[in-house]
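Hi,

Here is the structure we talked about. Please have a look, then read the notes below.

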Amino acid sequence: MSRIDPDDAAQQPTPVVNAVGVGRTYRRGQAGLLGRNSDATVVTALDDVSAAINRGELVGIAGPSGSGKSTLLHLLAALDTPTTGRIEIGGTNTAELSERARSRLRRDHIGIVFQRFHLLPALTAQQNVALPFIEWGVGKSERRDRAELLLHRVGLGDRLTHRPAELSGGEQQRVAVARALAGEPELLIADEPTGELDSEAGANVLDLLADVADDRAVIVASHDQAVLERVDRIIRLRDGQVVTDA
Amino acid sequence: MSGRLRNALTRVRAVVGIAIAQLRHDRTRTVLSVLGITLAVLATTLLGGVGIGVVETGEEQFDASGRDLWVTGGPITLAPGTVGGFENTVVDAHEISAAIEAREDVNTAVPMAFQTVYVSTDGEDWETLVGTGAPGRGPSVQVSEGQAFQHKDIHYADGNYSGPMTHEVIIDQRTADMFNVSVGDTLHIGGTISDARANEFTVVGISPTFSRFLGTPTVTLHLSELQEVTGTTATDRASLITVDLKDGADPATVAQEIEREHPEYEVRTNREQLEATLERQAVVLASGGSLVVLAVLAGITLTANLLVSVVYQQRRELAALKALGSRTRTLVGIVVVQALFLGLIGGLLGVAATIPLGMGLDAVAASLVGFENVVRTPPWVLGAGVAIAVPISLIGAAVAGWQVSRLSPVDGLR
């Protein structure tokens, strides 16, 4: 697994993720003959968005539906590439990477926590957390040990052999956080991480995210005011543009 | 071992573990899919086994008949509304047989006829059976009880049908059971009920030879006596003439020569006769083939359905793993390994079930048509059963794998 050198990061204040003048447009419309859009319109989801996020920051992305939150999150997670501008992760412009290289970038440098956890129901908590290690060729016993450590770290040391259906929503989200931390990523992105949880479980997950933000950049997209009150900085979007970044 | 190879093996082992966990987790669907593949394999092995059994049994029956050539005037067909019910196409059968037998390369030429006859023990309760007009003697006739015919066809009397009727009949065990008769008992036999009332035959032997040959219960009389009781003496009709060649004679050559001498008749070797018989069963064979194809398609559909439904149900989870950087080939591998397991288990179960079910089918066939060993499943048929399970599962996996490859990692965030 290739890693960004933390010493380098300390010497040069390179943001973990840096969005520079990012724009993203989509073509929408009815498909005509041969799959072409005969009556397509261009929709601007993001327009000239810039933001740099550094190690140790817990940043919230807020905004009403349709403001471009999801689009920005996809771009920051290297799931998509901008139409204009650039997204740099660890100094690498994601638009210059192939699909496969972006997949490797995500595997090695980015962790993602989903609103609905997305754990494989057939696998135990430990097995779910161990999944990312497979791609690095980590052996079975080491996978198990490392997954166990991660689950202990998120407070689920006593739930190793439980399957998702046997866990509460909050516990499942903590398993998902542990899975996202498997590669010790410099960047952790969480999409509405408390959206499916009650307030107590949501607070526990926020504590966890705040805790892991000490040595990495954490970005949380949320509508939840309780979440936004806990972050260091909020990037507010409206109609695809940054309204405030403070 | 290089690190790269070790990593690849580690990934493969992990993929196998996840695949097995998935199969164990979705037990109902797993069982249904295995069942589908098992049925497809069973249909293939059993129908294949029946096909092989029919061909091999046919060959054995023809070989066991001790005959080398079969002379016919075309297919033996039913002739509704006529006495006897069969259209026997060989005319002047005794004369033609004698002419063929006169050849230096021929041992014997024996005319045989098949007619539907009425049979009764008391002249009151009647059954219709196939009556066979045949010599009923010689080494090719197996007798389990009593004896074969002791006389030649003396009633024929050079075409005058003036010789004495022996009134001897050989029956098979099923006919004996049907009428509750044994050697020494008598049966009324005739082409019409009045003819049958007037002709009482004594059972001289119990033999499976003719019923096996025809696949139905039968009563065997001397040919001229069958012709007499079915009213076909005027044209001396027979269904076919069987020819036994002398050692060293080439059946194909002799067949060509006989055909030249008697152009109105077809002369076939054992294999040609069997092939002609099978060709007439083309619809049945095509139906069997269609069933195999349908069974295989059903297996593919069930497996594909299982795997696709797993992918569909877990599309968000799989997309999430893609978003986390899992390789598409790892995720497709999980699906493919599941498919291979399903195929392997289904294939082995299908093969294992083939043996007892084949024996059961054999027993049913033996009781219905008198043939034994109709279902034959040599090792290569069983191997083919397993082999067919693999592509069934892999086609299913290809469909599901294609779905996985199309999943967008963004779907995990929706």
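**Helix and sheet in chain A**

Helix α2 (residues 69-76) of chain A lies across β1, β2 and β4 of chain A and runs at about 120° to β1(A). Helices (H or I, at least four residues) and strands (E, at least two) are DSSP runs, numbered from the N terminus. Axes are lines fitted to C-alpha atoms, for helices over the stretch in contact, and angles run from 0 to 180 degrees between N-to-C directions. Contact means heavy atoms within 4.5 Å.

Two notes on the source. This is a predicted model: local features need pLDDT of at least 70, side-chain atom pairs count only at pLDDT 80 or more, and totals for chains, interfaces and linings use all residues. Residues are numbered from 1 along each chain as its sequence is written, chains are lettered from A and ligands numbered from 1 in the order written, and side-chain values use heavy atoms, with hydrogens and water left out.

The open sheet has 4 strands in the order β2-β1-β4-β5 (chain A), with antiparallel pairing. Strands pair if DSSP finds at least two bridges between them. β1 (residues 17-28) and β4 (residues 84-89) of chain A pair over 5 bridges.

A:Asn18 lies in β1 of chain A and stands opposite A:Glu88 in β4(A). Is A:Asn18 buried or exposed? A:Asn18 counts as buried because its relative accessibility is 17%; buried means under 20% relative accessible area, exposed over 50%, partly exposed in between (1.4 Å probe, protein chains only). Leaving aside neighbours within four places in sequence, its contacts include A:Ala51, A:Ala52 and A:Arg86.

**Where chain A meets chain B**

25 residues of chain A are in contact with 25 residues of chain B. The two chains bury about 2,500 Å² between them, 64% of it on carbon and sulfur atoms. Buried area is the accessible area (1.4 Å probe) that two parts lose on being put together, summed over both. A:His118, A:Leu120 and A:Glu135 supply 24% of the area that chain A buries against chain B, more than any other three residues.

The count between the chains is 1 salt bridge (a side-chain nitrogen of Lys or Arg within 4 Å of a carboxyl oxygen of Asp or Glu). A:Glu135 forms a salt bridge with B:Arg327, with the closest N and O atoms 2.5 Å apart.

Best wishes
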